[in-house]
Amino acid sequence: MENNQLRVSPVRRKLHHMWQDRVLYLILAPTIIYFCVFRVWPIINMRLAFFDYKARGPWVFAGLKYFKLVFQSSAFKDILTNTLIISFMKYVLLFPLFVVFAILLNELRVRKFRQYVQVVSYLPHFLSWVVIAGIWISFLSPADNGGLNTILNFFGVQSVDLLTNKGAIRWILFLCEGWRSLGWDSIIFFTAILNISPSLYEAARMDGANRWDIVKNIILPALLIPMTTVFILNLGFFMSAGFDQVYNFTNPAVNSVIDILDTYVNRVGIEQAQYSIGTAVSLIKGVVGVFLVCMTHVASKKLTGEGVW
């Protein structure tokens, strides 16, 4: 009896603490429910990729049938290529700009102006892609009253239609993503710079170091760990080139160069109700993302001694 009481008492103690903090747990409940419904439950049902879906009755095991259909699809190669190109532009080409922006923010000596730049650069992150796409589409509108063409016509240059230009649409996605994320994604690097001890700057100045020497020998080494961590984690999303953005910018003229895996899953898996194929593609994305994170973590550990864990 005493042993049972000792075994139960820690549980009762935890339940008692939870009851004391019941208001906090009640506030946390919607978030927990959200992740259980939209994150945990979908992972459990990823098994649908190996079954024939039936709305009623048991699912029939299909093995690798849907993975073979995906890889044998004539459109899959082009869609995968588009995904890799757009993801490379977003997660690799855009990444150094976040670091540079954080360094430039640190170089601003007028505090109020720096705060103003921070606020202005952070604001686009809180806009939905519907709003952002509306702003950019309005600015790039091929009509003469579009912002870009108005400027071009003012200088006597002929109007252009970039939204239907296959060579320009990917760079529009790149610039649009940069405008939205430049300020927000630089926060972690700017915070790391602020955490550098002032004594290091003072010692560098006493040794005659200029601003570039300080950036090269003090700031960049301090940013190595957060840069490595953020870059590795970003690679986990490499197969997700940004459904919301692409979906809002797509049109029949450029769909062949910006059709990505996410839009393919939406079109085939949801619009055409081929749930098993959509799940198979999503599973491929997840497995490749985990592989990239693990691979870059190991490579980073060997090259720099730093990784995600």
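At what angle do H12 and H16 pack, and how far apart are their axes? The angle is about 155°, and the axes lie 7 Å apart. (Axes here are lines fitted to C-alpha atoms, for helices over the stretch in contact, and angles run from 0 to 180 degrees between N-to-C directions.) That makes H12 roughly antiparallel to H16. The labels go like this: angles under 35 degrees count as roughly parallel, over 145 as roughly antiparallel, 65 to 115 as roughly perpendicular, and the rest as oblique.

Before we go on, keep in mind that this is a predicted model, where local features need pLDDT of at least 70 and side-chain atom pairs count only at pLDDT 80 or more, while totals for chains, interfaces and linings use all residues. Residues are numbered from 1 along each chain as its sequence is written, and side-chain values use heavy atoms, with hydrogens and water left out.

On the H12 side, Thr228, Ile232 and Leu235 meet Gly289, Leu292, Val293, Thr296, His297 and Ser300 of H16; contact means heavy atoms within 4.5 Å. Sort these residues and you get four nonpolar, five polar and no charged. (Ala, Val, Leu, Ile, Met, Phe, Trp, Tyr, Cys and Pro count as nonpolar, Asp, Glu, Lys and Arg as charged, and the others, Gly among them, as polar.) H16 itself covers residues 275-304, which is 30 residues, and reaches 43 Å from its first C-alpha to its last. That is close to the 44 Å expected, where the expected span is 1.5 Å times one less than the number of residues. Just after H16 comes glycine 305, with a positive phi of about 80°.

Now look at H4 and H15. Their axes come within 8 Å and cross at roughly 135°, which makes H4 oblique to H15. Phe76, Ile79, Leu80 and Thr83 of H4 touch Leu261, Tyr264 and Arg267 of H15.

A salt bridge is a side-chain nitrogen of Lys or Arg within 4 Å of a carboxyl oxygen of Asp or Glu. Is arginine 267 buried or partly exposed? At 26% relative accessibility, arginine 267 is partly exposed, while aspartate 259, at 8%, is buried. Leaving aside neighbours within four places in sequence, asparagine 266 is in contact with Phe243, Tyr247 and Glu271.

How many salt bridges does the structure hold? There are five. One of them joins glutamate 107 and arginine 211 at 2.7 Å, N to O. Glutamate 107 is in H5 and arginine 211 in H12, so the pair ties together parts that are 104 residues apart in sequence. Glutamate 107 is partly exposed at 24%, and arginine 211 is partly exposed at 29%. Another salt bridge brings together glutamate 177 and lysine 90 at 4.0 Å, N to O. This pair links H9 and H4, with the two residues 87 residues apart, and both glutamate 177 and lysine 90 are buried.

Definitions and conventions
Helix = DSSP H or I, 4+ residues; strand = E, 2+ residues; numbered from the N terminus. Buried < 20%, exposed > 50% of the residue type's maximum accessible area, 1.4 Å probe, protein only.
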